[in-house]
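Subject: Structure handover

Hello,

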Amino acid sequence: HGIDDLMMQHNCSKDGPTSQPRLRTLPPGDSQERSDSPEICHYEKSFHKHSAAPNYTHCGLFGDPHLRTFTDTFQTCKVQGAWPLIDNNYLNVQVTNTPVLPGSTATATSKLTIIFKSFQECVEQKVYQAEMDELPAAFADGSKNGGDKHGANSLKITEKVSGQHIEIQAKYIGTTIVVRQVGRYLTFAVRMPEEVVNAVEDRDSQGLYLCLRGCPLNQQIDFQAVRSAQATEGRARRKGPSLPAPPEAFTYETATAKCREKLPVEDLYFQSCVFDLLTTGDVNFMLAAYYAFEDVKMLHSNKDKLHLYERTRDLAPGGAAPSGPHPALWVALLCLSQSW
């Protein structure tokens, strides 16, 4: 109706000649890229020669799910439903976790949404969405870069393995994001400068920023609760309808042997792998732990911190169990996770 009114006001003919749409001219080379981005659209180049180099941090989410925060805290969380991983002045990342097995608190990431906010003359707002069995190599609008702005090539998507592995480079904020589909579920990893990590206008809102603050205490699987696992197991067996039986595909010994094939160092990634195989029986969770560690090797700036071994008091049990626990401990933990 608005268009009809405007045409009447300006005496526009509905049948008259119309001009042909103008073709947008792009610079030579890749039609999705521009090589003449302004310096402000390249985070590292915007630093002066005498300025200190930016300090990069890493966050990752994989498996059941296991979270490695920007401060190298390692947790295993329940976090069912939608949760914000990152929420700052430049981008927002939200994951949705769904139960892996009926009646269990074991969850894994089934959906991922990344919103890159419009930034100066560099990029327009872009949304990336991935779901189970759908890992697109483009933003939601079909584009692969930052849009029509002059620095559009400072944001682009690259498909590494079709339907399994994409990488997003956001050079204007010095950030690299890796998204994978392993089996039915998604993994997420990011490399981001500290300055960008902490660029939040409302400091009070950072409590829900999982990559920075970690999972809320009531969402963490507390390893200390294993001490009461056998009592919990006994109570669960005495209740009315029986809970689903734990997967029988792996014993502690076979899970350990399987994880050692891809993760020879018995760090927290190895322990996460063992825990996930015991709780889900799905060998793809081993691959998720393996690729999560491969992403750490690529994205983490401190190569001395690739492997994590020790837990703090409030860390989660799944990915943070000490190396080489007694098999009975894992059985107790497995029963606890099924009856929580």
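The notes below cover the strands, a disulfide and a group of helices. Please keep in mind that this is a predicted model.

Strands

Four strands form an open sheet in the order S4-S5-S6-S7, and their pairing is antiparallel. S4 (81–87) and S7 are the edge strands, each pairing on one side only. On average, neighbouring strands in this sheet are turned by 20° against each other, with direction ignored. Within it, S4 pairs with S5 (residues 91–99) in the antiparallel sense over six bridges.

Together S8 and S9 make a hairpin, with three residues between them. In the turn, glycine 163 has a positive phi of about 75°. Valine 161 has histidine 165 in S9 as its bridge partner.

Disulfide

The structure has four disulfides. One of them links cysteine 41 and cysteine 122, with an S to S distance of 2.0 Å. The torsion about its S-S bond is about -95°, so this disulfide is left-handed. Cysteine 41 is in the loop between helix H1 (2–9) and strand S1 (56–62), while cysteine 122 is in the loop between strand S6 (107–116) and strand S7 (126–131). The pair therefore ties together parts that lie 81 residues apart in sequence.

Helices

Two packed helices are described by the angle between their axes and the distance between the axes.

H5 (residues 252–262) packs against H6 (residues 268–280) at an angle of about 135°, and their axes are 9 Å apart. The two helices are therefore oblique to each other, and the crossing of H5 and H6 is right-handed. On the H5 side, the contact is made by Tyr252, Ala255, Thr256, Lys258, Cys259 and Arg260; on the H6 side, by Phe270, Cys273, Val274, Leu277 and Leu278. By class, the residues of this contact are eight nonpolar, one polar and two charged.

H6 also packs against H7 (residues 284–299), here at about 160° with the axes 8 Å apart. That angle makes H6 roughly antiparallel to H7. The crossing of H6 with H7 is right-handed. H6 contributes Tyr269, Cys273, Asp276, Leu277 and Thr280, and H7 contributes Phe285, Met286, Ala289, Ala292, Phe293 and Val296. The contact of H6 with H7 has nine nonpolar residues, one polar and one charged. Cys273 and Leu277 of H6 are listed in the contact with H5 and again in the contact with H7.

The remaining pair is H5 and H7, whose axes come within 10 Å and cross at roughly 35°. This crossing, too, is right-handed. Lys258, Cys259 and Lys262 of H5 meet Met286, Leu287 and Tyr290 of H7. The residues in the contact of H5 with H7 comprise four nonpolar, no polar and two charged. Lys258 and Cys259 of H5 take part here and also in the contact with H6, while Met286 of H7 takes part here and in the contact with H6.

Regards

Terms used
Residues are numbered from 1 along each chain as its sequence is written. This is a predicted model: local features need pLDDT of at least 70, side-chain atom pairs count only at pLDDT 80 or more; totals for chains, interfaces and linings use all residues. Side-chain values use heavy atoms; hydrogens and water are left out. Axes are lines fitted to C-alpha atoms, for helices over the stretch in contact, and angles run from 0 to 180 degrees between N-to-C directions. Angles under 35 degrees count as roughly parallel, over 145 as roughly antiparallel, 65 to 115 as roughly perpendicular and the rest as oblique. A crossing is left-handed if the near helix is turned anticlockwise from the far one by less than a right angle, and right-handed if clockwise. Contact means heavy atoms within 4.5 Å. Ala, Val, Leu, Ile, Met, Phe, Trp, Tyr, Cys and Pro count as nonpolar, Asp, Glu, Lys and Arg as charged, and the others, Gly among them, as polar. Two strands pair if DSSP finds at least two bridges between them. A disulfide is a pair of cysteine sulfur atoms within 2.5 Å.
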